[in-house]
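Open the model in a viewer and keep the sequence panel in view. The stops below go from parts of one chain to the contact between chains.

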Amino acid sequence: MTAIAQAGSPSRSLADRSPVGRSYRRFLGRSSILMFALVVISAYLLPLLYMVTTAFQQPGQSTMPGAPVWPAAPQTAEYQGQSYPVYSVPMPDGTTRQLILVEPGRESSVFIDPTDASRTRIEWQGRWRTLEGAWTFAPLVDNFTTAWNQLNFPRLLRNTALIALLSTIGAVASSILVAYGFARFRFRGKNALFVILIATIILPFQVTLLPQYVLFTWIGWNGTWLPLIIPHCFANAYNVFLLRQYFLSIPRELDEAAMIDGAGPFRVLRSVIVPQSVAAITAVALFHFFFAWNDFFVPLLYLASKPELQPLSIAIQQYNALYATQPTLIQASALMTMAVPIIVFLLAQRAFMRGVVVTGVEK
Amino acid sequence: MTATIEELGPTKPPGRTLTLRPSVREALWGYAFVGPWLIGLVLFTAGPMLASLVMSVTDFNLVKPEATKFVGLDNYARLASDPTIGQSLVATFKFALLAIPITMGASLGFAVLLNHPRLAFKGPLRALVYLPIMIPLVASTLVWIGFLNTETGWLNAILGSLGLPQPDWINSEAWIYPALSLMGLWGIGNFMLINIAGLQSVPTELYEAARMDGAGPWTQFRRITIPLMSPVLLYNLVIILIGTFQYFTQAYTMTNGRGDPNNATLFMNLVLYREGFVFNHMGYAAAIAWLLFVVVLVLTLILFAFARRRVYYAGGER
């Protein structure tokens, strides 16, 4: 869907067309580089195809001898009201035919061609056990329903979404206030405070982790969502940095015009700054939402023993520990877990990717 | 009584105590807006940092906080003699030495490819490379565990069909780091985008001038692109370095926190988690956290010292 929206870029360059030979050569160059990019990216994303394929396979298909890569089941066919297996049979004339095995024998067996209306019996010399079974495309949805029920997926989705949403609201609102303070007001120690803010990016979270855990345990927040939400309501360096850069680019004349009309600082923030920064605020909100959606370490600390409050990340890790021997179930659970973030990303990818560049390069 | 009346009396202009100088008022508003972060800084960063320093010189544990004793530098001395710490430092460095160059190289390679002037559909292609970052780490790790499986995974099936060796990616001490580095490729999206922005900031006149002097693409890349992009590369390197030393979720998911095979994935953060939250040795875990902090800080400072000589800032001294 987004591909269509962005397909405009190549047509621009087609416009500066020059002599035919040159443009043909250029076309060749263009298509070979596109092919190369596509091959590299396909290889890069190949594990995703593995996941989708496996998630739709019958349990154990990957270890069955002769099974294809795609989701498949041994092919069977009806003959006289009964179901018989289908095999790939090499014929004396060198061809291979898909035949129904109706009478298996030790040294010779009887087959029937499923496309043959007259049902002529074909006597085949050789051991049928050496034949390769024929497979039919059979995507299985059971893996998803099983994982859905075993994981209690609706509850996980609700928990994850609520945690992510609440902490995003806190993080975005507080970051807007703080970024506004740094962008628009002169006060003593502002530069030093801003340096401290940026320095907290490099500070490993481990050095604050243990006392925070003790504190939250003592005030009874262990085993609740509060440690996952409340600490984010005090702004964080990445968000403040991105928003401040953006606020600085808004002309001060707009603030001043509003102030002449009698607007106070809050009013200016609400009616000038925020409406002008929707793009940056969206980027920050999306970043935080997905950080919270994907977070593993903090929920592991506080919710490991509370299945009814757990988000997706913790639950599927524990699920994997239980069902590691069943790749079909694991891959189905992984696919279900990534569905929401991937869909939202594909819908909002431009906002994301612009936000990354603003935070990263401006340093 | 009289004094009070005099103070409140009409000798003072009405409302004077509320009329602050504009600069003071501005500063007060500034502090008010920055306030939430300042409170958070004290409550969740500065306070806990201090507390964790104190904790690291005690034998604090959450089950019996009343029995806490001051133990001096015992925890730090134990760091030096604990074989697990040595092992995990070695594991972390081994992994970092492999994963950091691979991540840097791949993110630069993808950036160059996806910024190629003759490449069509740049936007969608960049989005595809960025995409795996959006996948929850646990889920992407589960996908890679399956993909790298020796029996049923695809990578070894492909390697086998090409006649290449099929390593036991996840269960061998030698191959686990390449496996984790491969998995790490799914995290390059941000670095790639930042590199693309860096590539786009190189003035095209420089390339034209170099072409006039007969410089080929490789020379242009090495002599113009890399030096001009060095600030961006340094930024990426610092962020990747910090991330590598905080590595946890993937290793935890892969081995269910055990650090298999043979403690090869018992990275520092995993040791910290085990000591602090599984064994409840919180004082010792605090010392591990500070060790981790010092290691990252020293490495970052080394990088910056190196960068002082090698990184080029177009805007002059910074």
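Start by selecting domain 1 and domain 2 of chain B, whose centres, taken over C-alpha atoms, are separated by 34 Å. Their bounds, 15–67 for domain 1 and 74–310 for domain 2, come from an automatic or database domain assignment. This is a predicted model, in which local features need pLDDT of at least 70, side-chain atom pairs count only at pLDDT 80 or more, and totals for chains, interfaces and linings use all residues. Residues are numbered from 1 along each chain as its sequence is written, while chains are lettered from A and ligands numbered from 1 in the order in which they are written.

Now select Leu159(B), which lies in helix α7 (residues 154–161) of chain B. Helices (H or I, at least four residues) and strands (E, at least two) are DSSP runs, numbered from the N terminus. Why does Leu159(B) count as partly exposed? Because Leu159(B) has 14 C-beta neighbours inside 10 Å; a residue is buried with 20 or more other C-beta atoms within 10 Å of its own, exposed with 12 or fewer, and partly exposed in between, C-beta atoms being placed from the backbone. Leaving aside residues up to four places away in sequence, Leu159(B) touches Leu164(B), Pro165(B) and Gln166(B). Draw a C-alpha to C-alpha distance from Leu159(B) to Phe279(B): the two are 42 Å apart in space and 120 residues apart in sequence.

Move to the contact between the chains, which takes 81 residues from chain A and 77 residues from chain B. On the chain B side, helix α2 (residues 22–55) supplies the largest share, 18 residues. By class, that side has 55 nonpolar, 17 polar and five charged residues.

Of the 363 residues of chain A, 37% count as buried.

Technical notes: Two residues are in contact if their C-beta atoms, placed from the backbone, lie within 7 Å. Ala, Val, Leu, Ile, Met, Phe, Trp, Tyr, Cys and Pro count as nonpolar, Asp, Glu, Lys and Arg as charged, and the others, Gly among them, as polar.
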